[in-house]
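Hello,

Here is the structure I promised to pass on. Have a look first, and my notes follow below.

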Amino acid sequence: MKAIIYCRVSTDKKQQETSLQRQREELFQLADRHGLTVVTSIEEQESGYEINRDGIFKMLDLFSNGEAQCLLIQDETRLGRGNTKIALFRQLQKLGVSVLTSTHDGELELSESDSMVLQIVGIVEEYQRKIHNIKIKRGMQRAIKQGYNPTDNLKNISNAPGRERLEVPIEDIVRLRDKNLTFSEITTTLKGLGYNISKATVHRRYQEYQEDRKSIDK
């Protein structure tokens, strides 16, 4: 298994460099004991409450790209503190990353309260996904019931859902609006068809269409 070492201290004082060196040495030893191959070692001098850290995003990119499967840290506070820590652990959890610490000499053992928070966050995210999918389904059903044919004037319909498209389907926006769908319902309907589009964009394009029609009529 490939691993990433992450070391952090909270200040940029000179004496903290020895702390970073000690963390790095401990974690290389941890990797050796568990037969892990270290891909890279990331070291930062940043606050644990700050989530906008170059090292953190580098680490997440490597995990997202499948270049490593395990994270090595001295203890859970090295990754982050407060809400930042929970957010990062949740992201690592979704990526299927194992977390080992030198403090535990193995798998990280979260506190009961942190484990409970992560469980609640997971449940909330699942229900958010369900609500989002239901909104798309209901918007599509209403549009079809009003006589909308989703295959009309749609290009690249075979593209995967959610893939961003350069063209905004103004013909579909107009037809759905003519069938008394709200801009929110139009947005969720188009997203269900694979258009990565916002409600603001839908509204703006419809307004532009209306203005163009007025200019032509004049």
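Two strands count as paired here if DSSP finds at least two bridges between them. Helices (H or I, at least four residues) and strands (E, at least two) are DSSP runs, numbered from the N terminus. This is a predicted model, so local features need pLDDT of at least 70 and side-chain atom pairs count only at pLDDT 80 or more, while totals for chains, interfaces and linings use all residues. Residues are numbered from 1 along each chain as its sequence is written, and side-chain values use heavy atoms, with hydrogens and water left out.

On confidence: pLDDT is the predictor's confidence in each residue, from 0 to 100. The chain has a mean of 82, with 87% of its residues at 70 or more. Strand β3 (residues 70–73) has the highest value, 96, and helix α5 (residues 112–145) the lowest, a mean of 77. For residues 154–166 the pLDDT is below 50, and this stretch makes 20 contacts (heavy atoms within 4.5 Å) beyond near neighbours in sequence.

Now the sheet. It is open and mixed, with five strands in the order β2-β1-β3-β4-β5. β2 (37–45) and β5 (106–107) are the edge strands, each pairing on one side only. β3 and β4 are parallel, joined over four bridges; Cys70 stands opposite Ser98 in β4, and Ile73 has Thr101 of β4 as its bridge partner. β4 and β5 are antiparallel over two bridges, and Leu100 has Glu107 of β5 as its bridge partner. Four residues lie between the strands in the hairpin of β4 and β5, where Asp105 takes a positive phi near 50°.

Two helices lie across these strands. The angles come from axes fitted to C-alpha atoms, for helices over the stretch in contact, and run from 0 to 180 degrees between N-to-C directions. Helix α1 (residues 16–33) lies across β1 (2–9), β2, β3, β4 and β5, at about 160° to β1. Helix α2 (residues 54–64) lies across β1, β2 and β3, at about 160° to β2.

Which residues line the second largest pocket? They are Phe89, Leu92, Gln93, Val97, Ser98, Val99, Glu107, Leu108, Leu110 and Leu118. A pocket is an open set of points on a 1 Å grid over the protein atoms alone, where a 1.4 Å probe fits, with protein on both sides within 12 Å along at least five of seven lines; lining residues have an atom within 4 Å of a point. α4 gives the most to this lining, with three residues.

Best wishes
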